[in-house]
Amino acid sequence: MTEELTRYRPSQNLTGFANEFSRLLNSPLFDLARDFSTVETSQWVPAVDIREDNEHFIVEADVPGVKPEDIEVTMDNGVLSIRGERTSESASEEGGVRRRERSHGVFYRRFTLPETADPEAVKARGEQGVLRIEIGKRENARSRRIPVER
């Protein structure tokens with residue numbers, strides 16, 4: 001009988017975990033949260049929260065300083081796109097600007113929605129720097145309680 005020595009590699013276990021975790025994140029379970037927009041297409045990226053209730057998917061994006069008329073929301077083939085622009089005030093030497101941290105320019109975000117999203121039932125509203133988009137669910141996708149008979 002020949003014994004074979006195997007070198008212990010702790011990183012090997014981490015690699016397997018990382019692969020499994022990556023596979024989980026790429027599963028259909030996380031399609032709603034997947035963001036296919038690329039940083040190269042945006043000069044800044046608004047923070048987005050995505051929630052779901054029984055009848056809607058709700059997307060809320062922080063877009064302070066962006067007028068609702070400067071935002072374009074589209075839905076095509078199950079992909080929700082949000083595009084807009086925040087303009088900056090022109091800097092002058094008189095204003096004494098010492099620091100500029102607020103981003104400006106074009107932003108672009110895209111989200112793949114599940115098949116249960118109804119492209120005909122989308123509403124968008126901008127209020128107090130927050131863009132709120134409600135996407136209705138198809139009627140047959142809504143959960144319902146089923147009575148248990150005696």
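Author: A residue counts as buried under 20% relative accessible area, as exposed over 50%, and as partly exposed in between. Glu 127, at 47% relative accessibility, therefore counts as partly exposed. Please bear in mind that this is a predicted model.

Reader: Which residue forms a salt bridge with Glu 127?

Author: The partner is Arg 125, and the closest N and O atoms of the pair are 3.6 Å apart.

Reader: Let us step back. Which elements make up the protein?

Author: The protein has one helix and seven strands. Read from the N terminus, the order is α-β-β-β-β-β-β-β.

Reader: And how much of the protein counts as buried?

Author: Of its 150 residues, 21% count as buried. The accessible surface is about 12,300 Å², and carbon and sulfur atoms account for 47% of that surface.

Reader: What is the order of the strands in the open sheet?

Author: The open sheet has four strands in the order β1-β2-β7-β6, and their pairing is antiparallel. Strands β1 (48-52) and β6 (117-127) are at the edges, each pairing on one side only. On average, neighbouring strands of this sheet are turned by 15° against each other, direction ignored.

Reader: How many bridges join β2 to β7?

Author: Seven bridges join these two antiparallel strands. Within β7, Ile 135 is the residue that stands opposite Phe 57.

Reader: What else is Ile 135 in contact with?

Author: Leaving aside neighbours within four places in sequence, the contacts of Ile 135 include Phe 57, Val 59, Met 75, Leu 80, Leu 113 and Val 122. Ile 135 is also one of the residues with the most contacts inside the largest nonpolar core.

Reader: Is Lys 137 buried or exposed?

Author: Lys 137 is buried, because its relative accessible area is 9%, and the limit for buried is under 20%.

Reader: What about Glu 60 and Arg 132?

Author: Their side chains also meet in a salt bridge, at 3.0 Å from N to O. Glu 60 lies in strand β2 and Arg 132 in strand β7, so the pair ties together parts that are 72 residues apart in sequence. Glu 60 has 23% relative accessibility and therefore counts as partly exposed. Arg 132 is likewise partly exposed, at 22%.

Reader: Which residues are linked with them in a network of salt bridges?

Author: The network links Arg 51, Glu 60, Arg 132 and Glu 134.

Reader: Why can such side chains pair?

Author: Side chains of opposite charge can pair when their charged atoms come close.

Reader: Finally, what share of the contacts is between residues 24 or more positions apart?

Author: Such residues account for 57% of the contacts in the protein with a separation of 6 or more.

Notes: Residues are numbered from 1 along each chain as its sequence is written. This is a predicted model: local features need pLDDT of at least 70, side-chain atom pairs count only at pLDDT 80 or more; totals for chains, interfaces and linings use all residues. Side-chain values use heavy atoms; hydrogens and water are left out. A nonpolar core is a set of buried Ala, Val, Leu, Ile, Met, Phe, Trp, Tyr and Cys residues joined through side-chain atoms within 4.5 Å. Buried means under 20% relative accessible area, exposed over 50%, partly exposed in between (1.4 Å probe, protein chains only). Contact means heavy atoms within 4.5 Å. Accessible areas come from the Shrake-Rupley method with a 1.4 Å probe; for residues, only the protein chains shown count as cover. Two strands pair if DSSP finds at least two bridges between them. Axes are lines fitted to C-alpha atoms, for helices over the stretch in contact, and angles run from 0 to 180 degrees between N-to-C directions. A salt bridge is a side-chain nitrogen of Lys or Arg within 4 Å of a carboxyl oxygen of Asp or Glu.
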